[in-house]
Amino acid sequence: MNDSSGIAPGAPVIEIENLGIAYETRKGDVQAVRNINFSVHEGETMGLVGESGCGKSTIAFGIVNFLGPNGKITEGSVRFQGNELVGRSEAELKRLRGDRIAMVYQDPMQALNPSVRLGEQLTEVLTFHTDLSEHEARERCVEMLKRVYMPDPGDVMRRYPHQISGGQQQRVVIAMAMLNNPALLIMDEPTTALDVTVEAAVLDLIEDLKNDFKTANIFITHNLGVVARVSDRMCVMYAGEMVERGSVREIFQRPCHPYTRGLLASVPKLGESKLESILTPIRGRVPPPADRPKDACIFAPRCDYATEECTAAKPRLEEIEEDHVARCIYARHIDTRPRTARRRLPGDAVTGHEDSPGGERILGIDHLKVYYPQESQSIASLFGLGEKKFVKAVDDVSLRLERGRTLGVVGESGCGKSTLVKGLIGLEPVTDGSLEFMGIDVDDTVSDRETRLIREMQMVFQNPDSTLNPSYPVGKQIARPIKRFKTVPKKKVKDEVLRLLRAVRLSAAYYDRLPRQLSGGEKQRVGIARALASRPDLILCDEPVSALDVSVQAAVINLLLEIQQTFGSSMIFIAHDLSVVRFFSDDIAVMYLGQIVEIGPADAIYEPPYHPYTEALLSAVPIPDPEAVQKELRLSGNVPSALNPPSGCRFHTRCPRRAQFLPDGGKICETETPPWQSTEKGHRILCHIPLKDLAEIEPVVHTTAAA
Amino acid sequence: MTESQETDMGEDRLSIPTETRLPTSRIRRMWGGLQVLFASRTAMVGLCIVLFWVFVALFAPLLTPYTPLEQDWKAPNEGPSTRHILGTDELGRDLWSRLIYGARVVLVILPISETAWIPGGTAVWGVLVALMAGIFLGLVGGYYGGWLDEVVMRALDAMMAVPIILLFLIIMAALGQSAVNVVIAMTIVGTPGIARLVRSLTLDIKTREYIRSAETRGESAWYIMFVEILPNARGPIIVDAMLRVGYAIFAMGTLGFLGLGLPPPSPDWGSMVAKGREFILAGSPWAALWPSVAIGTLVVGLNLFADGLREESMRYQ
């Protein structure tokens with residue numbers, strides 16, 4: 001079972017053998033993780049991927065026995081630099097943690113103590129584990145901050161965590177982890193909470209540090225793109241078991257376990273669109289730890305290749321090649337095996353509305369502005385004398401949407417995507433500009449709109465856990481809009497609810513369920529059904545899939561596509577994942593700091609000429625393909641405050657291209673508002689740089705499997 | 001109810017793990033809630049104490065041969081005996097009778113006039129009316145925000161600035177002694193705290209996406225406040241109400257002790273302690289002891305119940 005790979009020379013830094021971890025609960029022990037085998041060598045990154053609830057973090061905590069009062073290692077061994085860690089005393093492990101083994105967590109704001117200056121938090125790591133004096137420790141810290149590319153490290157040492165941005169916080173946490181030059185660095189979703197552009201820079205840094213410090217890294221993530229970018233080898237985790245392990249290249253090229261194959265098929269590649277490809281979700285959900293079969297393949301209930309033999313005995317790790325194993329009895333010839341469960345492919349009809357250009361205009365926005373008044377802190381403002389300031393969340397946005405089409409909106413967080421949608425639906429009062437929906441002016445808030453209009457515009461929300469009212473069963477929540485808008489006669493409400501449940505592929509049994517009995521994907525489906533209940537013409541989707549696991553995400557995207565076809569509704573689709581937006585949308589608008597900087601047909605946006613901001617976003621997207629060559633264009637700094645946006649072109653403070661293409665290093669960008677330039681492909685770019693220069697820029701991504 | 005179901009695109013079969021087959025009907029859901037309660041030993045002990053007092057209060061006339069006003073001239077200030085199991089007071093009235101009839105006023109009936117009464121004890125009514133007022137003000141302040149919130153909350157803050165016992169005394173002195181007036185006093189004193197709690201819960205809940213969803217449907221503010229927000233705030237409100245019934249019993253005791261509670265000679269725990277206290281050093285502490293124990297156990301019982309409920313409901317989430 002245990003293999004020692006020949007990739008890196010020398011003994012592995014950490015060797016995990018047959019590890020099993022259980023949590024004690026009132027119902028008895030629940031096995032969270034079992035049969036884990038892997039080892040990590042010096043200067044190597046091992047990626048652990050899988051959906052939530054698969055036990056990735058449990059392994060990370062298990063290594064340092066940080067499992068909390070009710071967690072325990074039930075079997076197996078963890079050898080760190082040749083020494084057994086299982087069964088060591090708490091005191092010994094405490095010496096190791098933070099010194100030889102360091103951890104970086106998902107949320108930097110929770111890893112840093114908000115009431116202690118960063119400098120003190122950093123030096124404490126050194127003074128606790130080494131004999132360095134305070135002064136020497138400080139110097140080492142400043143040096144390390146420089147090493148993680150923190151601007152002005154001396155100043156950062158004196159600051160509190162809330163005074164630096166999220167990306168910088170994560171850099172400080174990484175610096176803290178690297179201070180004692182650990183042999184093993186465990187990173188648990190370190191970039192999940194960050195924006196794509198910041199994420200790309202942090203991933204670069206991690207790569208850099210690995211090469212310099214020769215640390216062994218364990219990198220936990222749910223994002224296949226991220227794992228492809230940073231890891232050398234990877235383990236695919238499913239329901240507490242390791243189902244496939246091998247080099248990243250090998251696994252992405254030749255996935256052998258059906259679950260790995262399923263994961264890869266359920267994420268859209270950057271540049272793929274609904275017109276030419278489909279996503280295939282994995283059906284069902286990860287079984288809870290108490291329901292996992294001990295003597296059968298754990299994935300069999302969701303597997304497309306499953307046969308009776310799969311449930312007869314627990315499959316062993318099959319060796320496919322050297323250092324590539326998969327826990328599936330058919331792993332070796334999975335490519336040629338027939339699927340035992342056919343899926344109904346939703347693909348064919350998706351192309352439907354491509355050939356209806358120039359349809360009826362459903363939504364027109366002109367110079368829309370949504371400002372939030374900001375109370376100033378001065379005494380004068382207490383008496384109403386102070387100068388009124390505004391957060392310009394959406395500033396001068398104009399766009400059109402035709403019936404039956406989908407407009408995708410992308411941008412970093414804080415660029416006004418959500419505010420734009422809230423302005424449209426009337427949750428935020430519009431400050432200025434005009435908003436026309438189905439030929440009627442609707443620039444008032446929702447409470448002043450006519451019921452007739454309200455029912456035509458509905459919204460799907462981001463967070464599956466808060467999209468449904470926890471107090472009412474599903475059926476009642478879907479029935480409410482039906483009753484309110486009187487879409488069907490009173491007697492038929494229940495039938496209509498059941499019809500909607502069917503439309504979102506939930507059975508009638510869900511009618512009486514409470515939201516807490518539903519999984520994230522199911523809740524999101526109910527949210528979609530509720531939005532559909534009034535039979536709206538325009539559906540606004542505010543990051544409907546970003547909180548879902550990839551396999552579920554694919555199912556929800558397919559569902560939305562199908563709904564759009566059957567109901568012919570138009571959609572505005574917000575997401576920060578550029579691959580998903582590209583896949584889903586007909587047109588795309590790229591937003592930066594309250595303004596649209598590039599807008600047009602989806603395929604045009606993803607090819608040169610790019611707006612420099614779009615180019616930077618695209619080069620930051622983690623692509624789930626280790627062979628893809630991506631341009632390294634990183635944005636410096638953060639999104640400036642919308643309270644006081646930069647003059648001229650808003651992007652000029654971070655623009656990597658203006659000095660290259662414009663005379664005087666792009667002085668013009670600082671003073672003058674850029675013009676809209678239209679290309680032949682039908683998209684428009686808000687930039688001073690001449691189109692022909694922008695058109696000459698190389699495409700951001702080269703994939704070996706070019707479409 | 002739950003067979004195999006379609007959950008995914010193009011999906012024909014799927015076995016739902018047994019654990020997700022949860023009861024769906026209303027009764028079974030309530031049964032599930034009760035089981036949560038049974039799981040907590042703290043809550044069960046508290047509940048038993050409270051139920052004991054409710055039971056004796058409900059069936060008071062059947063549990064004693066004496067009325068609370070009947071005087072036994074032959075046996076004043078006696079200790080427990082077979083004729084008077086808890087003893088008698090200075091007028092020879094049976095302490096057990098007075099105690100359980102006193103519990104009646106606290107927990108089971110609210111006397112409106114000499115002859116008429118309505119179900120629900122004085123303490124219970126005091127908390128209920130305060131709850132209604134507090135919930136209303138808290139919801140309105142929290143949901144609307146702005147100047148309305150500012151006015152409501154500052155007014156309530158001003159009320160909270162006055163010491164509670166002083167407020168009680170002022171109100172009772174102004175209104176006069178009667179059970180209804182005790183309820184009014186408890187409402188005025190209790191409302192600000194409840195309103196604060198409900199407001200803070202509302203501020204949290206109103207940011208949830210299902211509230212956004214209701215707003216995008218164009219629901220009225222009343223619908224959102226009472227149908228969408230209130231049910232989700234009920235957990236903490238119920239726990240708080242339990243604690244408040246305890247405080248209310250305490251307050252009733254205090255008022256009675258100070259001679260501002262129910263008019264004599266009605267069996268009032270507070271005034272029983274006040275009377276009985278004179279005879280403690282004279283060798284018969286019983287008249288003061290039993291009502292004190294009664295108040296103590298009932299308040300402790302309610303607190304245990306509320307604590308257990310809170311703990312268990314937090315774990316449940």
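In chain B, helix H8 (residues 179-205) and helix H10 (residues 221-257) pack with their axes 10 Å apart, at an angle of about 155°. That angle makes H8(B) roughly antiparallel to H10(B). Keep in mind that this is a predicted model, with an ipTM of 0.81 and a pTM of 0.82.

**Helix packing in chain B**

- H8(B) and H10(B) cross in a right-handed way.
- On the H8(B) side, the residues that meet H10(B) include Val182(B), Met186(B), Gly190(B), Ile194(B) and Leu197(B), and the list also has Val198(B), Leu201(B), Thr202(B) and Ile205(B).
- From H10(B), the partners include Ile229(B), Asn232(B), Ala233(B), Pro236(B) and Ile237(B), along with Asp240(B), Arg244(B), Ala248(B), Ala251(B), Met252(B) and Leu255(B).
- Sorted by class, that contact comes out at 15 nonpolar, 3 polar and 2 charged residues.
- H8(B) also packs with helix H7 (residues 164-175) of chain B: the two axes come within 10 Å and cross at roughly 145°. This crossing of H7(B) and H8(B) is right-handed.
- H7(B) brings Ile164(B), Leu167(B), Phe168(B), Ile171(B), Met172(B) and Leu175(B) to the contact, while H8(B) supplies Asn181(B), Ile184(B), Ala185(B), Ile188(B) and Val189(B).

**Confidence in chain B**

- Chain B has a mean pLDDT of 83, and 90% of its residues reach 70 or more.
- Among the named helices, H5 (residues 122-144) of chain B is where confidence in the chain is highest, at a mean of 94, and H1 (residues 26-39) of chain B is where it is lowest, at 71.

**The 8-stranded sheet of chain A**

- Chain A has an open sheet of 8 strands with mixed pairing, in the order S6-S7-S8-S3-S9-S10-S12-S11.
- Strand S6 (101-104) and strand S11 (318-321) of chain A sit at the edges with a single partner strand each, so one side of each has no neighbour in the sheet.
- On average, neighbouring strands of this sheet are turned by 20° against each other, direction ignored.
- Further along the order, strand S10 (residues 241-247) and strand S12 (residues 324-326) of chain A run antiparallel and are joined by 3 bridges. Here Arg245(A) stands opposite Val325(A) in S12(A).
- Helix H7 (residues 166-178) of chain A lies across S6 and strand S7 (184-188) of chain A, and runs at about 175° to S6(A).

**The 4-stranded sheet of chain A**

- There's also an open sheet of 4 strands in chain A, ordered S14-S13-S16-S17, and the pairing is antiparallel.
- Its edges are S14 and strand S17 (440-441) of chain A; each has a single partner strand, so one side of each is left without a neighbour in the sheet.
- Helix H13 (residues 417-425) of chain A packs on this sheet, touching S13, S14 and S16 of chain A, with its direction at about 70° to that of S14(A).
- Strand S13 (residues 361-374) and strand S14 (residues 389-402) of chain A run antiparallel, joined by 11 bridges. Along this pairing, Leu363(A) stands opposite Leu401(A) in S14(A), and Ile365(A) has Leu399(A) as its bridge partner.
- S13(A) also pairs with strand S16 (residues 432-437) of chain A, in the antiparallel sense over 5 bridges. Leu363(A) turns up again here, standing opposite Phe437(A) in S16(A).

**A helix pair in chain A**

- Helix H15 (residues 474-485) and helix H17 (residues 520-532) of chain A have axes that come within 8 Å and cross at roughly 25°, so H15(A) and H17(A) are roughly parallel to each other.
- The crossing of H15(A) with H17(A) is right-handed.
- Val474(A), Gln477(A), Ile478(A) and Pro481(A) of H15(A) meet Val526(A), Ala529(A) and Arg530(A) of H17(A). By class, the residues of this contact are 5 nonpolar, 1 polar and 1 charged.

How values were computed
Residues are numbered from 1 along each chain as its sequence is written. Chains are lettered from A and ligands numbered from 1 in the order in which they are written. This is a predicted model: local features need pLDDT of at least 70, side-chain atom pairs count only at pLDDT 80 or more; totals for chains, interfaces and linings use all residues. Two strands pair if DSSP finds at least two bridges between them. Helices (H or I, at least four residues) and strands (E, at least two) are DSSP runs, numbered from the N terminus. Axes are lines fitted to C-alpha atoms, for helices over the stretch in contact, and angles run from 0 to 180 degrees between N-to-C directions. Two residues are in contact if their C-beta atoms, placed from the backbone, lie within 7 Å. Angles under 35 degrees count as roughly parallel, over 145 as roughly antiparallel, 65 to 115 as roughly perpendicular and the rest as oblique. A crossing is left-handed if the near helix is turned anticlockwise from the far one by less than a right angle, and right-handed if clockwise. Ala, Val, Leu, Ile, Met, Phe, Trp, Tyr, Cys and Pro count as nonpolar, Asp, Glu, Lys and Arg as charged, and the others, Gly among them, as polar. pLDDT is the predictor's confidence in each residue, from 0 to 100.
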